[in-house]
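Please have a look at the picture first.

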Amino acid sequence: MDDSMPPENFEDLTLEEDYYAFLNLSKDASPEDITNAYRRLSRLYHPDKHRDPIQKKNAEILFNKTKTAYEVLNDPHQRAIYDTLGVRGLQTDGWQIVQRTKTPQEIREEYELLLREKEERRLQQRTNPKGTISIGVNATDFFETYDFDISAPSIEISSMSISQSVEAPLDTSHTLILNGSIATQNGTGSGNINCSWKKVFSTKSWFEGGIAAGNGLIFNLKGYRTLSKYCFGTIQSSFHFFGSSVSPGVELMLARQLARSTAGYITVKGGASSSVNTMLVYDAEKSHCVIGLQFGMQRSFFTMSYTRKLEDEGRLKGSIKFGLFGAILEYGCQKKVSKNSTIGAAMIIGIPTGVTLKLKINRANQTFLFPIMLSEELLPSAIFYGTAAPILGYFVLKKLYIDPYHEKQKRRETEKMKEANAQKMAERRKEAAIAVSLMQETYHRIKSEEEKKHGLIIILAVYGSTENISNLNPDQFDSQLDILDVTVQLQCLVKDSSLILPNRSKSNLPGFYDTCLGEDKQLRIDYHFRNIAHSITIADNEMLRIPRITDH
């Protein structure tokens, strides 16, 4: 279960400049705010403000950075690109052809167009393998015992199926798909192979045609079309040849958006298994609900299911289905245990199908299913142990493997991030030291002015990892704890006895840098206002405004 990121994705870990934070602005700052912030920092960093040759050279580094941030944010065109795509968007070749009147959404579309050739080359080198392995287990001996049977219970593999598909994108519009499957149950096997070609005409329509071989020859045709803003449909036809006969089939599906989170579907099938199915789907941020009704020559039923989406990327699901065939009650849960892996378990209680425990593991695009038949009758013991065993097993697995794995993965990703940004972090540490040296005169001036009017005086401000900040003793401050002293930096940002920091990472503020890349960070400030001591600690991305109303 290795979800480590390959070296070629290091660019995704690279830190980007936050021009808003560097100028101490919120993202909705007005042009006037941007100009004022630029002028304020220019008074600190402009080379002409310093006589010492070393200070003048150091000031030039930060003044150029200030000028770059101002030029990007003060230009509506560049600002739209930066807000939409970040610094990487500004560095993309071809922006000179983009009209300066385009909206952020149009700029994003233009950006995607500029990258299309690169994406096509990547597609040609990539396949999208998907597979499912299902192993059916018969464990009824554990729950269905007989008085005359004194042998130990046995577990049997009753069925097995393997399916695999591979997509070969020829370009962004054409895809070749090859899939096949084999299955065996109670000693009887079967298999098929299918090859299809998909053509995407636009975002509104596509077509797919294929041929399959297995139990005879099958030709498939399928099309998709957006009919209106809230309506789309698909049509699929098949011709199954076996021996000297042919069995045609057709399926028509029509879907319509009924409300913001609700859609309705109606499906009509014709052929050997004709049916009409209607379904109502509600999909919101925290829940997913499906109600369906089908009438068919071979099978008619009513179904209803509800899924609750949990904050920790888990899901709880329950469903009921009943018809002429009997009834099925299913309940279960699934949990994402790593970046690309999900595990789940469901109990299926049916009449007359019995009790089955279904275990499921998703790893990237591979799915492993283990349906375990516990009993052919509705036995309370089978239902109880089938429900309790996965819960107990998950907590044991979480304690022994999942939690240690997450800790190891977090350390690994932190190391990768540090490795990818080693040079940039060295530059930021150097810039921070330069900024503090250039701020000394401004620091003493602002502090002296605030002392005279009993205003806002920063006694001690520190920035670093949440753990170190929480355990910090100001009387025993140790700079070796990966904690940055930002007292000078914040006092220089005080204006009219107040300090306001936007809800952005503080690591991009002048004189700041990230002391613990990849970890949660906090900012703690001990200050005096009107000769009264105060202290406040905030999260890295939390907005700060001091003095607080309660301090007045």
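Is E450 buried or exposed? E450 is buried, with a relative accessible area of 3%; buried means under 20%, exposed over 50%, and partly exposed in between, using a 1.4 Å probe on protein chains only.

A word on the source: this is a predicted model, in which local features need pLDDT of at least 70 and side-chain atom pairs count only at pLDDT 80 or more, while totals for chains, interfaces and linings use all residues. Residues are numbered from 1 along each chain as its sequence is written, and side-chain values use heavy atoms, leaving out hydrogens and water.

The model has 11 salt bridges, each a side-chain nitrogen of Lys or Arg within 4 Å of a carboxyl oxygen of Asp or Glu. Here are some of them:

| Pair | Closest N and O atoms |
|---|---|
| R504 and D18 | 3.0 Å |
| R445 and E449 | 3.6 Å |

R504 and D18 are both buried. R445 is partly exposed, with a relative accessible area of 45%, and E449 is also partly exposed, at 39%.

Now for the lining of the largest cavity. By class, eight of its residues are nonpolar, three polar and four charged; Ala, Val, Leu, Ile, Met, Phe, Trp, Tyr, Cys and Pro count as nonpolar, Asp, Glu, Lys and Arg as charged, and the others, Gly among them, as polar.
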